[in-house]
Every structure is written in structure tokens, then in C-alpha cells.
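Biologist: Please show me the model, and then we can go through how its chains meet.

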Protein chains: 2
Amino acid sequence: MLTKVTAVLTVAGSDSSGGAGIQADLRTFAAHGCYGTTVVTALTAQNTIGVQAVHGSPPDFVIRSVLDDIDVRTIKTGMLFSAEITQAVASTLREYIDADVDTRGRVPVVCDPVCVSTSGHVLLQPDAVDMLIQELFPLACVITPNQAEAELLLKHRSLPCPQHLLSLGPAAVFLKGGHVNVSQEEMRELQIPEGITLDIRPAFLLEEHMEILSKHAKMARVADLVVDVLCQRGVKTITLYPRPRLQSNSTHGTGCTLSAALACALGNGTSVEDATAQATLYTYLGIETAPPIGKGYGPLNHLHSISRLVVQPRTDGHPYPLTHKFIQSTVDLWKSYVQHDFVVQLGKGTLDRASFIHFIKQDYHYLKYYSRAYALLATKSHDFAPISSAAKVMQHIADEKTMHVSYCAQFGITLEELETTPESPATMAYGAFLIDVGLQGDTTKLLVALAACLLGYGEVGLWLEKEAAKPDAWVKREGNPYREWMEDYAGEAYQGAVSVGLETIEARAAADPPSPVRYAEWLAVWERCVRLEKQFWDMGMNLS
Amino acid sequence: MLTKVTAVLTVAGSDSSGGAGIQADLRTFAAHGCYGTTVVTALTAQNTIGVQAVHGSPPDFVIRSVLDDIDVRTIKTGMLFSAEITQAVASTLREYIDADVDTRGRVPVVCDPVCVSTSGHVLLQPDAVDMLIQELFPLACVITPNQAEAELLLKHRSLPCPQHLLSLGPAAVFLKGGHVNVSQEEMRELQIPEGITLDIRPAFLLEEHMEILSKHAKMARVADLVVDVLCQRGVKTITLYPRPRLQSNSTHGTGCTLSAALACALGNGTSVEDATAQATLYTYLGIETAPPIGKGYGPLNHLHSISRLVVQPRTDGHPYPLTHKFIQSTVDLWKSYVQHDFVVQLGKGTLDRASFIHFIKQDYHYLKYYSRAYALLATKSHDFAPISSAAKVMQHIADEKTMHVSYCAQFGITLEELETTPESPATMAYGAFLIDVGLQGDTTKLLVALAACLLGYGEVGLWLEKEAAKPDAWVKREGNPYREWMEDYAGEAYQGAVSVGLETIEARAAADPPSPVRYAEWLAVWERCVRLEKQFWDMGMNLS
């Protein structure tokens, strides 16, 4: 179970079209496995075409409501709209976070200085810019202006170039390059200020030692780059993040998404350099994989990095979700196996002696396959624990075999006769299928194949035991020639093996959750084996 | 790539603490792979302890902004707060959706009649109840009241029992049972009205044929049940959804979550009966798996049904994300292999003749292992396409072998000498490792093991070709005794195999995305093989 989750706060506008603002933030938080709380600074009526209306809303009280209750690990601010809102946000945050620049990492604040929408709508009133710089930047771990915002901020303070944004108070400036084209050549011939080193972190750019990827992707070499730049106070290294320029209309909310992803990474304790790399990659893929939505500039695909699980999580209340799902998905077949007429007659004690003898002779052969399948499982394992566990099962089967021999002796059959009885087609089909699955797939697939027999006989044992305990039970113990057989499968030794089997298969599925394709393969193997089990009883009844 | 995504609209309040309202809705939509748009009816300041303030906001203009632009497939309404807002929502929705009860499924509206918060705060003003019933219920595909809301609605219209809620206009009523305890006995002895049949759909309740799960989960039998009830207009079947009652404080936003999940399922074309079953299951697991957040009633875990992908999606721009990641994750080792001194000297034509002879004799042995590994791959496959593909590679290797034999003849080595040369430890280690991986794992794991050789030699061929084409190239073609070898690996036949190999492995990873555990296994195999390749060149240089 989840015992901890990183809580994040966004202080931003609400975008009705869902592509930007707190909506983009919440989707980004979800994709990063973070829990999002929200303070809405302004309601906007907007869609992929433009912004139709904005209504500001005083947020200080709401910030307190969140921060007094929830242990927020990181905060991002987006659209703050007015000077009044900006001041309220800054002064409230100051109460909660440590604004000392050296320890600012404790609850990092990512400040996205949203000024103007992609469609040209003013999202920060002119008199709010000063407030943003004065009040909020000194609290920020990193600010994330794009080119236009950087220019506006510099002009506002008559500063000459982007590095000077650091002098406005933030611990780092992440300058987004989305609006500027840089060629591969310009990138190569970059002028580096004295005393500064460059750290270049390319993404999606094929390097010299990836000739096979360039050749077979059949792509033109990337000409235009987007380059983001990270400068940090007191750090002599400037980090560059070049990547190919994308041609896409799915760019609504790009800045919100980036700053939200950055907040998640910082909240999880990632360094600023790595967090910006991760956030840039996430945003890039969001644009590249976006399906068209709306008539204008559509939203990013925030969900490219997640997939839906096929098997529900293991919980204390429901520790066997995989087995439960297997049984539910094949319920009629499963019942036709574990409540087969052979089992019913065996429980009543009325089962034809010849049927039982035929069954038990074939089961003797089957157990050899079954034991070999466990040996194959051990062969395929590379830790001592599963090897030892397989060896235990093989030993358990050897013991079960002893039961067969003694049973057969009771029914007048010698060991020699057991060994020389020809295998029925049902036995060969099932036995060879186990070996085949073991050869084809990984150990989990083989465990699934082995489970139908292990669990099914456990079910038969428990069911007969339960029915026998009822008043006027149809299951007879006294005088039942098959009593020993029944009680063995309900007994501690066999049920111990069932318990280990359940735990093993469920732990595997929880640690290494199957994709839908992989789950479908498992289910097909399970269903095949349950059917082969049912056919095994059929064979017993028909003496075939 | 995603070419289509289901867009959903929620018309509801904003919950700053993130557990309910549009925040819960957006998280639920994301978990279902749906795209969420939002119309905020009211801003609340709230946390896990209670609601501190509510500000209403007229939403009709915002609804139009969304619905004019985005093709929304389903709509849910939550907290509507005032009569004014309720009327505005209803009359705007009426313009966009088909209110005819028979075709209402086209853009289904799920109406969650939110009246009072868990903490007792009024979320729907008294004069708004009539508006809700009159204006919105007739548009609803399903309404989802809890016990208290149902009572309030019935009292309002002096109706005797829940089925009568259908008379208020919705096509279906889903009555949530979360606030009522039902015992297993009461469930069994349920009074059924004449002419009605019951469809009971239990979840998380172990049935008669699941004795092994009951026994080994070591749980007390469930005593108290929660039972949700679905009644549909014109349908004579009532559907019951019983499940165990959970003891949990993580219940803030349960109703929002359920109605949002229901909207997603309906938007994807699921029937009302199945959609309610799915939504109930999703919500239940959200409560059961929730980590503690906040000081009071915390939010559900909306993300229990998703996991994060390890390998980024395949896109047109980046068709080989798995291989790219493999190379990036082992970049120094990869370079020490594909740009090994052996390769450099070979390109210059200065490689010691004895080294090349030693290498090529060992490579002859290696290719037998490699061919056998492809045979094993075919053995493990169960479609003709991969079997045929493996056969082609085996044939290709047989051709490569011919090259070896003719090469060796040039260097004065006979076929007999090739066959009788003892294998070096480096050859045996690598060859036997391939067979071992093939025996241990599934076909994808074996393909990963085979990729290091296939792709690496392709890389060597292309790199030498590229370097040879440069002015003043260090790679010499003229008079280079190894020219034929170099050109073979850059040639069409070999690069064709590289192309198929890349496509196969990337298609596998895309169709069956690996969990982190599985990816780590693949990467370990890749890294081992790249190292074994490097050691193979080392062996050539050292004549070991």
C-alpha cells in the first residue's frame, strides 16, 4: 500500500478548457504520482482559441486552509493576475516557507511568471509585475520565464541580459527557449562568458555513437533546436537543455505543465539540474504525443508517461487480486473443474472403482510432468530462494507419489503396473503443455500454468471438507473408500503448498505488474490449464 | 500515438484541498485516460477538516466556452450551490445535449446531487433543490444521491421511497449505500417487489467456489456490507452492488469520485449497469489504498489503477526509445565496445594480423551459439511470423559464416583448423550466456540479449563508413586488408537485419510495456552483453 505520497500546492488560475492552469497542473501532478492541492487565483473562461474572461479571487485565506492542514512538499505559482493577489500570495507563503536562500530547498517554490497567454491575453496586470519581482521572486527556488516574460522583466528593471534575472532574488532562473530558434551551428559556436563552464544536456538528439538509430529512423537531421538555459545563484556552471524543435498545435499550457513537472521533481528531492531535465522531457513528450483537442491550440497529452493497470493492487483486505481475477474470468470453467461430477461422486463415496483406478494411474504419470515442470522452474530461476522453493515442491510431489503407490496397492495395483500403464492423451496433452509453457515463457508464466492444478486440488479438498462438516452432508467420510485422498488435499501439508503458491504468484504480479498483453497471455495459460484439469476428470469418468 | 481521447466536462465546485470537487474529478478522469474540462460553479476554501468558505460563480458563459470548442462525450455535475447557478447550468446544458430520454445516452449527463458536505456544511442552498429537480434531473442519464440526499429529495416532493426518485425525471437512479449498514443476512432476506428481478453484482466478496482464497487470506468473514442500488426507468431489473464495508478516514470526495468515474465509463460507451460496477470498484479501491493526507477525513487515492511507464512512448520522431535508453544508460561501456581499439586499428588497416585471425576464429564459434540462440527463439515462439523471422536470421548467419571461411582462406586458415580451434573463455562465456538467457526468460528478454551483437556490429559498420567518407579520414579503404569485413557490416544485407531487429524489439516494448522490475532485468541483460562484446574485442587484441 501507499504509505506516503508527495503533496504539491499550485497557486494559479483555473482554465475551463482544461489545458492550462490548475487543470494542467493537477494532471501533471497525477502523472508524477504526486497529490495536488490548489489555490485558484482567478477563474478564466477560455478554450483552445483564446481567453474570453478572467475573474480574480483573493487567495490568502485559501492558502492558509491548505497549508494549515496538509504537509505540502513543494509549491508552484502560475497566473497571479493582479497586484493584490500577487501580494496576498507572497505574504501568505512567506509565513509558511523558509525564505533563507541557502535552505530554500526545504519547501521549494517554483514561480512561473505568467504574464501573457499564447493567444495574447494579458494574464498579469501591469502594476502586478513589480509586486511579483519584489515580493515573490525572493521566495523562489526557481523562476521559469519564457523569452517574452524575461524581456518584460528585464525591461521593467532596466537590466541588460537574462543572467541578471538572478539579481531579482530567485535562487535559479530557468529560461525557456520555446520561442527562440537556435541552429545546431549556433549551438556549437556559443560564446561562453569567462569563468563559466557549460553543462550541455541534450534530449532526443542522436549522438555520434548512435549511427544505427539515425540511419534506420530515416529522419532528416534535426536543424532547429530549442534550448532552455538554467543559471543558479553562486554556481559557475550554466546548464543548457537542447532538443529538437517540434511542429505542433498542441502547445496550450506548455509553461504551466513544465513548472508543475519541475515542482514534482523538486518535491521528490531531485536536484534543480536534474529536475529541469526531467520536466523538459516530460513536457516535450506531452506536446509530441498530444491528440488533437479543440479547434485552436490544443492541450498537451499529460498522460503519456502512465499506463492503466490490469490487475488491481494487493491490499490487506484482498491479498489475492490476480488469482481472484483468474477465477472470476473463467468462473464457469473453474466450477466445472473443482465441482466436477468426479469430485462429487468421490465425496459421496459412490465413484466407480474403475474410474478412480484409471484416474490415479494417469495422475501418477501426470505428477512426473508436474515435477519436471518445477525442475524447469528451478532451472529458469537465478536466486537460491525460488530454486529451494521448487525443490520443496518436487519433494512434496514425491511424497504425494508415495500416497499413490500405497493407494494403488489398496486397489490391487502394483508399482510395476503403474509404471507400465500407457499415458492417456489427456495426460500427455496437459503434461506436455506444462513443459512447453515452461520452455516458451518466463518463470511467472510457468507459475501461472502450475497454479491451476495446485490451487484447484486445494479448492476440491477444502470444498469437500466444508460440505462434509454440514448437517445432513452429502459428503461422506465414514466408510468412504476415498476418504484418505480427500483429507490429504484438505490437510495441512497440501494447504501449506497452496499458501506458498498463492503468495508467490501474487507477489510476482504485484512487484512486476503485467501489461494488458502480458496479462492476456497469463489468462490464456490459466484458462487452458483449467480446461485440461476438467478434461482430466472427464478422462477418469470415461476411462478414456 | 493517441489519435483519440474521450473528453469529459465536470461542472462542480473547486476544493482547495484537492480531495473533492473538480480536483477529484480531474484526477479520476486522468486515471481513466479521459481528458477533463471544468466549469467551476463555486470556489471553496476547504481542507480535510471542513469547509471554511464558499463563493459562487455564474457558469453559463464558461460552459459555452468549453462546449463550443471541445467535443465533450459526457458531462457530470456536482456541487451547484445556488438556485441561480443551478438554473444557469441546466438551461445552458439543455442547448447542447439531447434531452430526449430515449436517446439520452448520446451525451450522457451524470448528476451528483451534492447537498451537504461530509463535515455538515451546506453545499446546495435550500431554494436550489427545486431548481435541481425541475431543471436538471430531466436532462440526467443517471443521478447519484446518497442516503441523506435521497431522503432530502423525497421529503421535498413527499415521495414514499427511493424508486420514486425515477419519477423526478432522470433515466436512472444510482442510490449510494455508503451511509447504511446491511448485514449478509439482510442481503439474503431482501424483499423483492412483485414483477421485479434482482441482478446482484458482488465485488470483493469471496464466493462459494473460492475456498482457497477465504482460507489463506486469513480474514474474518465480512459481516457488514455496503449495497448500492441501481434502478432504471422502464427496466424491470434492479441491480445491487454489494461489497464489504471499509473502515477508513480517507473518504473525502467519495461521491465526486464515483460520479466522475461513472461519467468516464459512460463516455467510453459502457452500459449503465457495467459503468456503475466499474465506478464502484474504482472508488472502493481508492478508499482502501489511500495514504493518510491531512488531519481530518483525507482524500481517496485516485491513482491506484495506473502506473508510470519506464520506457517513453514510440513516436514518429523517436521510433526507438528503448534502444536509445539502453545506449544512454550504458553509454561509456557502449562506446568502449563500438569504438574499441580493435575497431579503430581495423579501420586504419594497422590491426595485427594475428589478432584478426584469433578474433575471426573465435567469432566462428560464437556464431554457432548465436545461431542456436535464434533457434531457441523460434522454439519459444508460437506464431509463424517470428519463427520465419528467426529462420531468416539463422540463414543470414550461415551466410556470414561463409564470409568467415573465405576470409580465413585468405589468411591461410583451413575450415578444419577453424573447427578444431579451441573456444576461448570469452567466447564460451558470451555464447553460453545467450543460451542461458534464452532458457531463463521470455522471447523479449532473449531478443534483448541478441541485440547487443546485432546492433553493435551495425554501429561499427556505419561508424567506420562515416569516418572513411570524411576528408583526411583516419579510416582507410584502399589497401586495407580488412576492407571487405568493414563493408559487409555497413552493407545493405546486414543493415537490413539491423532494421528488422530494431523494429522487433521496439514493437515488443511498445505493445507490452515493461514494469520497472522487468525493464531492470532487460537492462541488466543488455549491459552484460555489451560488456561481453567489449571483452570479445579485448580477447582479439590480447590473443587470450
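This is a predicted model: local features need pLDDT of at least 70, side-chain atom pairs count only at pLDDT 80 or more; totals for chains, interfaces and linings use all residues.

Biologist: How much area do chain A and chain B bury between them?

Modeller: The contact involves 117 residues of chain A and 118 residues of chain B. Carbon and sulfur atoms account for 61% of the buried area. The total between chain A and chain B is about 9600 Å².

Biologist: Which residue of chain B forms a salt bridge with Glu211(A)?

Modeller: The rule finds four salt bridges across the interface of chain A and chain B. In the one that involves Glu211(A), the closest N and O atoms are 2.8 Å apart, which is inside the 4 Å cut-off. The partner of Glu211(A) is Lys466(B).

Biologist: Which strand gives the largest share of the side of chain A that touches chain B?

Modeller: Between the chains, 52 residue pairs are in polar contact. The strand in question supplies nine residues to that side of chain A. It is strand S2 (residues 35–46) of chain A.

Biologist: In what sense do strand S12 of chain A and strand S12 of chain B pair?

Modeller: Each of these strands covers residues 306–308, and three bridges join them. Arg308(A) stands opposite Ile306(B). The sense of the pairing is antiparallel.

Biologist: What kind of axis relates the two copies?

Modeller: Chain A can be laid on chain B with an RMSD of 0.1 Å. This takes a turn of 180° and a shift of 0.0 Å along the axis. The copies are therefore related as by a two-fold rotation axis.

Biologist: Which residue of chain A comes closest to the rotation axis?

Modeller: The same surface serves both copies, with 100% of the contact residues of chain A recurring in chain B. The C-alpha closest to the axis among the residues of chain A lies at 2.3 Å, and it belongs to Asp442(A).

Technical notes
Residues are numbered from 1 along each chain as its sequence is written. Chains are lettered from A and ligands numbered from 1 in the order in which they are written. Side-chain values use heavy atoms; hydrogens and water are left out. Contact means heavy atoms within 4.5 Å. Buried area is the accessible area (1.4 Å probe) that two parts lose on being put together, summed over both. A salt bridge is a side-chain nitrogen of Lys or Arg within 4 Å of a carboxyl oxygen of Asp or Glu. A polar contact is a pair of N or O atoms within 3.5 Å; within protein, one must be able to donate a hydrogen and the other to accept it, and residues adjacent in sequence count only if both atoms are side-chain atoms. Helices (H or I, at least four residues) and strands (E, at least two) are DSSP runs, numbered from the N terminus. Two strands pair if DSSP finds at least two bridges between them. Copies are superposed by least squares on the C-alpha atoms of residues with pLDDT of at least 70 in both.
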